[in-house]
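This report describes the fold of one protein and the surroundings of its ligand.

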Amino acid sequence: MNDKEKWDNWAKTRTDTEAVMMASSLIRKYRDYIEKKVLLPIFKKYINKNDIVLEMGCGNGRWIKRLEENGIKKLIGIDFSKELIRQAKSKCKATFFISNSYGLCLSNSKFDNTVLLQVIPHNNIKKLRVALNEACRVTKINGKIILMDEFVENDIEDVKKIMLKNNFKLVKIKPVRSEWLSRLITSLRKQFDKSYKESSTISTKNTWKHFIKVILEAPIDLLLLNILLKKLSLESVLVFNGR
Ligand SMILES: C[S@@+](CC[C@H](N)C(=O)[O-])C[C@H]1O[C@@H](n2cnc3c(N)ncnc32)[C@H](O)[C@@H]1O
């Protein structure tokens, strides 16, 4: 099964964040919360209300809907999943196309902003280059490209080089989560999930545990994130400016 079929099949029986995040409900809630806290201020700072904005790999329009709610009117979303585009069309006013990021059905220098959230190919430099070249091609010369993904140091260097070749320069890097904090939380989560599975079916106790975990985890992460070494960032938002 190729990636397109994988997303199509996954999304057919799911909606909302579940359709675009292959993760447990706890992780989905948590990620959604953290993403909103980090991304919305960046969008507000770098995207003007009259800008023409493209989201590549828009999924079911989760972020396009949020941009619409924030007053941005000229929005276009593309995704290679027919099912996700169907879901996006049902909830947003924006224009959507089924298209592949490796060969967009869009003309050159059309967009003020191009956004790619959790969509760039990892461990495949050729595909990464093709997708980023396409993003640069369709973005105006003085436009902006905003990426959010899980990067390690080399990924960021590769991305920066590809973008620079296309005359786009990194102007902002914002960590979404720090690396060691991610690891700590993942290991705590595994322990929690294990005890959750092993425990009896008496659910009141577990529901409370679950509730306390969700309440505590996100604010602590955000607080530490602001204090911690930002260089260790794993998941980050990168903003590139055309020159
Ligand atoms: C993790 S989801 C993120 C969706 C959306 N950006 C969000 O944050 O809600 C990845 C999305 O990228 C899409 N995608 C992956 N590779 C793609 C490609 N080559 N061309 C177009 N869409 C792609 C998938 O169909 C899926 O909707």
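**Overall architecture**

Helices (H or I, at least four residues) and strands (E, at least two) are DSSP runs, numbered from the N terminus. On this basis the protein has 9 helices and 7 strands. The model is predicted: local features need pLDDT of at least 70, side-chain atom pairs count only at pLDDT 80 or more, and totals for chains, interfaces and linings use all residues. Residues are numbered from 1 along each chain as its sequence is written.

A residue is buried if 20 or more other C-beta atoms, placed from the backbone, lie within 10 Å of its own. By this criterion, 29% of the 243 residues count as buried.

Strands β2 and β3 run parallel and are joined by 4 bridges; strands pair if DSSP finds at least two bridges between them. Ile78 has Phe97 of β3 as its bridge partner.

Together, β2, α5 and β3 make a right-handed β-α-β unit. Right-handed means that, with the strands pointing away from the viewer, the path from the first strand over the helix to the second runs clockwise.

**The buried side of α5**

Within helix α5 (residues 82-91), Leu84, Ile85, Gln87 and Ala88 are buried. They lie on the same side of α5, because they cover an arc of only 160 degrees around the axis, taken from the directions from the helix axis to the C-beta atoms. Their cover includes α1 (3-12), α2 (16-20), α4 (62-69), β2 (74-79) and β3 (95-98).

**The ligand shell**

The ligand is surrounded by 18 residues, each with its C-beta atom, placed from the backbone, within 6 Å. The closest are Trp7, Gly57, Gly59, Phe80 and Ser101. Helices α1 and α4 each supply at least two residues of this shell.

How values were computed
A residue is buried if 20 or more other C-beta atoms lie within 10 Å of its own, exposed if 12 or fewer, and partly exposed in between; C-beta atoms are placed from the backbone. Two residues are in contact if their C-beta atoms, placed from the backbone, lie within 7 Å.
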